[in-house]
Amino acid sequence: MRGIIGYGTYVPYYRLDRAKITEAMGSGGGRGHRAVANHDEDTTTMGVEAARNALKAATKTPASIWFATANPAYLDKTNATAIQAALDLPQETWAVDAGGAARSAEAAILGARGSSGVSLAVISDLRTGNPTSADESGGGDAAAALLFGDDEDSPVIAHALGIAAATGEFLDRYRLPGETSSKIWEERFGEQAYLALAEDAIERATKEANIGLEDVDKFVIAGLHARAVRGLSRIAGDKLVDDLTARIGNPGAAQLPLLVAAALDTAAPGETILCVHLADGAYASVLRTTDAIASYSPYESVETQIESGNDSLSYNAYLTWRGFLDREPPRRPDPDRPGAPPAFRSEDWKYAFVGSRDRTSGAIHLPPMRVSMDGGAVDDMERIRMADVPATIATFTVDHLAFSLSPPTVAVVIDYDGGGRFQAEMTDVDPDTVKIGDRVQMTFRRLFTAQGIHNYFWKARPLID
Amino acid sequence: MASHGIKDQVAIVGMGCTPFGEHWDKGVDDMLVDAAQEAYASAGVGQDDIDAFWLGTMGSGVSGLTLSKPLQIDYKPVSRLENMCATGSEAFRNACYAVASGAYDTVMAIGVEKLKDSGYSGLTGSRPPSDGTDSSLTAPATFSLLAPAYAHKHGLDDETMKEVLTRIAWKNHKNGALNPRAQFRKEVAKETIAGSPLVAGPLGIFDCSGVSDGSAAAIIVRAEDAHRYTDKPLYVKALSFSSGPATGALDPSYDYTTFREVRASAEEAYKQAGIDDPRSQIAMAEVHDCFTPTELVLMEDLGFADEGTAWKEALNGTFDLDGDLPVNPDGGLKSFGHPIGASGLRMLFECWLQLRGEAPPERQIDSDKTLGLTHNLGGQPGACVSFVSVVGSEIG
């Protein structure tokens, strides 16, 4: 039997209180919060974090990565390769992108489910919209990863009894490449199109699964068309899984897998979950949880991630991070773009955070060195990945002068549990609260973008115990 | 295999130092001409008497042509050196060795930097293409790492630490106010220093050295020839340089309260000069006060204060102009700014004035000691290069 053998999610740390939009602009806004990717995050880095969380709770590593987003960090260049590299997976890993539309999520899920061996679907989205738009306040940023495999790989915790899709060519939501805000046709037009498509897909999926709607324990209904989602949700009654839009917004392509993860977080064995995705058609999947789900625990539940957010983000910081507001930069040169050959040579370091450990003295070198700082042995090193090792702050500073989209920059010198030291930038933290002895963990981030090159590397962030 | 030093083998017989500051009206060439001419006049030589030249500059030019063109040097050797913020000292060190080796009779070391043409705050520099993982911290941020680590280790609360740093800046500005060549020639109230806008960590604007342009030069000859040029030569007692393995950011045993490179270079310099108690044997020191916590830590690394006590000594005035061991009597980087290639030679220029009794009376140190020390640092805590020289007004 093939199905979901694990999953991981990532909801970024910051939340924007929608009231702050109204406060600043006089309109827009609303109640509740949306999740906001930090200035150093994009869909690729959030995808890495979701995938890391999935793999932390897994016993097997994937042979393929299927990455989908409606907001790719690069065009032409595959983004899944950075995820593969950041996960320290071997070059045999087949990493591919599906991109451009919220519906691409289905491509990643079907690709991972349909390929052989352990396969990872990673879906990430970062939603922007013009200031005061419904997309701005209603959108959210998040990522989710679903790990597929067969029972012989790892116990399947949920599998699909039936899957069906209906496709419709109509103008609901659209955006030209490079634009930061989508255009949307009149809502009522999209609603009627979606409801008809959904009815068709659900009917075929439940028929294949040989169940009726009355057999469904939980309904997951995802989609960016709020009115159509609301309309369809009437079939669920009190069995509807909360779509989390009040608390984190709608993370577009990532909403379907994120809500599936939220449903699985609390699912008992033998539950039937009907998952519907409204995006240029309708996708319906009937999931059935297995006995194995009782003994599966995710690295971090969706609820935990939502709960650990910080809603102090100001609206002007949000606008700055998303490029809607240009702050006066410090009187400092722009950062240099990373060079392709040096980055290629140091892929293990830059992407996988792999250092070198002296086989004799055990000294850990970050970045990796060929000559040992302890004893001077030459080329007697083994690789050691430090991405998942917690650390403690030895000293720190707050740099008000360094180039950053969100000054000041916090820098920390950290000592890893079990050895090794690194001087890192710190993120997702209030500069005023940092102190010696604080515990941190590593996170994959985009340091800056220079001359069209995203500079990905690792930072420290507070350790959530 | 051993390091022997060249104690009393060579001497400085003339020096020049331009005013340091925002020289909107002077280029690199102008400053080199000014410093060289002052040095020639000071030694009573002409350019034709100089056999070889060492030019220190980090980014104001490349190759010996940077010097030979503005000075119209006729086909003589000019070496251009760079060793981060210790560049000026490195030019001096290599020039001294050339004379000690017997290769040349008379040489000039000259340093220059034009920082104010960049239009940026602080120091900037170009790096070779990288993988993008290098720290992007600014210089004040890297040195500010010392402050919480030092305070934590020695049990200082934040207020006391700030008071210590403030006093160091206050002291150096007080000295600089007496120096016509300094960039900043005003005393600054402690409240102003402590209340200045934060740049990095606890460091405000006044905890940082300024950004300025300047040039300084020295004429060096064999010690036995020195009295042909001046009655009061400065003999070179020690020259040391330490380039570390840069493991501070890798090695958990490094605690950011010291510069290992400074300790190594100080130990080597004291050995060469025959100094066993620097605190009591040295008349004055010019040290690399790029940021106030740097000077604090240097006092311990150079052996001027016991570990964990420099903060008290700084508060007590030990390193004031009229203290036990005056440090940065000319005002230091704090008052001069830090035109990188020039700073090391500017420090020597203060030794030149003080040990010969030629400093203006208001800042002339009254001491029967004959030794001066300069210390020049490049890089950041945990990854730096350090230079120490000892010069003296008497042989032996």
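This is a predicted model: local features need pLDDT of at least 70, side-chain atom pairs count only at pLDDT 80 or more; totals for chains, interfaces and linings use all residues.
When neighbours within four places in sequence are left aside, the residues in contact with B:G5 are B:A238 and B:Q272. As for B:D105, which stands 100 residues from B:G5 along the chain, the C-alpha atoms of the two are separated by 19 Å.

Two packed helices are described by the angle between their axes and by the distance between those axes.

| Helix | Partner | Angle | Axis distance |
|---|---|---|---|
| Helix 3 (residues 87-100) of chain B | Helix 13 (residues 340-355) of chain B | about 65° | 5 Å |

On the side of helix 3 of chain B, the residues that meet the partner are B:T87, B:G88, B:S89 and B:F92, while helix 13 of chain B brings B:I340, B:G341, B:A342, B:S343, B:G344, B:L345 and B:L348. Sorted by class, this contact between helix 3 and helix 13 of chain B holds 5 nonpolar and 6 polar residues, and no charged ones.

In helix 5 (residues 146-154) of chain B, the buried residues include B:L146, B:A147, B:P148, B:A149, B:Y150 and B:A151. Among the elements that cover the buried residues of helix 5 of chain B are strand 17 (391-399) of chain A and, from chain B, helix 4 (139-144), helix 6 (158-176) and helix 10 (292-301). Just after helix 5 of chain B comes B:G155, whose phi is positive, at about 70°.

Notes
Residues are numbered from 1 along each chain as its sequence is written. Chains are lettered from A and ligands numbered from 1 in the order in which they are written. Two residues are in contact if their C-beta atoms, placed from the backbone, lie within 7 Å. Axes are lines fitted to C-alpha atoms, for helices over the stretch in contact, and angles run from 0 to 180 degrees between N-to-C directions. Helices (H or I, at least four residues) and strands (E, at least two) are DSSP runs, numbered from the N terminus. Ala, Val, Leu, Ile, Met, Phe, Trp, Tyr, Cys and Pro count as nonpolar, Asp, Glu, Lys and Arg as charged, and the others, Gly among them, as polar. A residue is buried if 20 or more other C-beta atoms lie within 10 Å of its own, exposed if 12 or fewer, and partly exposed in between; C-beta atoms are placed from the backbone.
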